[in-house]
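I opened my notebook to look a few things up and wrote down what I found as I went. Come along with me.

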Amino acid sequence: PMTDTDLRGPLARPFANAVLCGVDPGRPGFSVAPPKQPLVVDLPPTAEGARLLQERGIAIAGASGKGCRIVLDAAQRQRYQVAIAAREPTRCVVLDAAQRQRYQVSVELFGHDDQTIGLFAAGILQAHLRLEHHGQWIVIGATPWPLYFQRIVVRGRDSGVLLADGCSSNGAILTVHGDRTAIALGQDCMLSHEVEIAASDEHAIIGLDDLAWLNPPKTVTIGPHAWLGAHASVLKGVAIGAGAILGTRSVASRDIPARSAAAGMPAKVVRENVTWSRHLAPDEASRKLERDRLDAWLAAPGQQG
């Protein structure tokens, strides 16, 4: 369940829409902590709002409708955009790494209403965001890890994308095409090179006997601390459990249990009772920490893997 603070805060609307899509931001392992100093820029932005977006590396293309906003963490600012003509080879400029430009985000809008974009990453965020209908939302939680997305496209009404705190990505493509449909990534998920996640097919398949729609969109859920290998794909309706691993170039067309490794096309479980670490050679204490954290997520009420 969502807390009272969430219900009153600037994320209330996208969180409520997420629940309608079958995604509970209050579920253990899927939390997004609202910033202590939220900065809300209404769209279309005023001159001051446009300045705030520009200095944070966020560009808006197209027209926004009514009730649209971008929510940022006011404590995170990009202070420097430096161009240097080096006439003296020995001259150098030293900048604090914490001050470097973190965001390179382009947002494409089409005049629809009630759209909310929340961007709270503390590290690098590079993405093209495209919102094509009413009531849409994209929320990217706080994380120190780099986030690179080729694109995040949301096409259905009241649909969206949730990245819980602590995720990382290296060129992923996320596509939601369907009303009240979502893609949700739990805390500390890692998406390797050019991962593709789609909550829908690009076109409808029709059964000619009864004219049934055979492939409607379905929400995709990636559990906390899941690792999707390079060029892996996750298809509509799939749930990947907490701590699971999806191998390189694998295609997940059905659910993958928590604490398991799956590979292949379609992906099948190849090993059970495993998880992974962001460290290449974790010591025993780090390995125990990963196990204990995963156990805590899975043991929490409302967590199903």
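**Charged pairs**

I started with Arg293, which is partly exposed, with a relative accessible area of 30%. I kept in mind from the outset that this model is predicted.

Which residue does Arg293 form a salt bridge with? I found Asp188, with the closest N and O atoms 2.8 Å apart. Asp188 sits in the loop between strand E11 (182–185) and strand E12 (190–193), while Arg293 belongs to helix H4 (residues 284–299), so this pair ties together parts that are 105 residues apart in sequence. I then checked the accessibility of Asp188: at 8% it counts as buried, because the cut-off for buried is under 20%.

My next stop was the salt bridge between the side chains of Arg259 and Asp295, at 2.6 Å from N to O. Arg259 is in the loop between strand E19 (251–252) and strand E20 (260–263), and Asp295 is in helix H4, so the pair ties together parts 36 residues apart in sequence. I noted Arg259 as partly exposed at 29% relative accessibility. Asp295 is partly exposed too, with a relative accessible area of 31%.

I also came across a network: salt bridges that share partners join Glu108, Arg130, Glu132, Arg155 and Glu202.

Are Arg56 and Glu55 buried or exposed? I looked, and both are buried. Their side chains meet in a salt bridge, 2.7 Å from N to O. How many salt bridges did I end up with? The count comes to 15.

I jotted a reminder beside these entries: side chains of opposite charge can pair when their charged atoms come close.

**Strand E11**

Which strands pair with E11? I found strand E9 (residues 160–163), paired with E11 in the parallel sense over 4 bridges. Here Gly160 has Ala182 of E11 as its bridge partner. I also found strand E14 (residues 220–222), parallel to E11 and paired with it over 3 bridges. On that side I saw Ala184 opposite Thr221 of E14.

**One proline**

My last entry is Pro144, in the loop between strand E7 (137–140) and strand E8 (147–154). Pro144 is exposed, with a relative accessible area of 63%. I also checked Phe120, 24 residues from Pro144 along the chain: their C-alpha atoms are separated by 10.0 Å.

Note on methods
Residues numbered from 1 in each chain as written. Predicted model: local features only at pLDDT ≥ 70, side-chain atom pairs only at ≥ 80, totals over all residues. Heavy atoms only, no water. Helix = DSSP H or I, 4+ residues; strand = E, 2+ residues; numbered from the N terminus. Buried < 20%, exposed > 50% of the residue type's maximum accessible area, 1.4 Å probe, protein only. Salt bridge = Lys/Arg side-chain N within 4 Å of Asp/Glu carboxyl O. Pairing = 2+ DSSP bridges.
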